Amino acid sequence: GQAVETPAGPYAEAAHIQPLGRPHDGPDRPENVLCLCPNHHVAFDRWAFALTDALDLVGLPGRLRTARGHSVGEAFVAYH
């Protein structure tokens, strides 16, 4: 999903691929973060969809789009 348009401008959330805190102990680093709309953030956290190693979506049609200069950490995707 794309950012939600609000009167203050677009809004999106940072979703950690390998969750922070116990028991997952994921790091707060850019390669462990996806930029998602709030609805897709909750869906990702609740396993309504996931990613393959090739960044295809499982549970939703399509493939993850990445921004130039942002690499998604393979180890974090494998963990999720």
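Tutor: Let's begin with Phe44, which counts as buried because its relative accessibility is 0%; buried means under 20% relative accessible area, exposed over 50%, and partly exposed in between, with a 1.4 Å probe and protein chains only. This is a predicted model, where local features need pLDDT of at least 70, side-chain atom pairs count only at pLDDT 80 or more, and totals for chains, interfaces and linings use all residues. Residues are numbered from 1 along each chain as its sequence is written, and side-chain values use heavy atoms, leaving out hydrogens and water.

Now for the partner of Phe44. The structure holds one aromatic pair. The ring centres of Phe44 and Phe49 are 5.4 Å apart and the planes meet at 50 degrees, so this pair is tilted. For the cut-offs, rings of Phe, Tyr and Trp (its six-membered ring) pair if their centres lie within 6.5 Å; planes under 30 degrees apart are stacked, over 60 edge-to-face, and the rest tilted. Phe49 is buried too, as its relative accessible area is 5%.

Pro61 is exposed, with a relative accessible area of 75%. You will find Pro61 in the loop between strand 6 (57-58) and helix 2 (74-79); helices (H or I, at least four residues) and strands (E, at least two) are DSSP runs, numbered from the N terminus.
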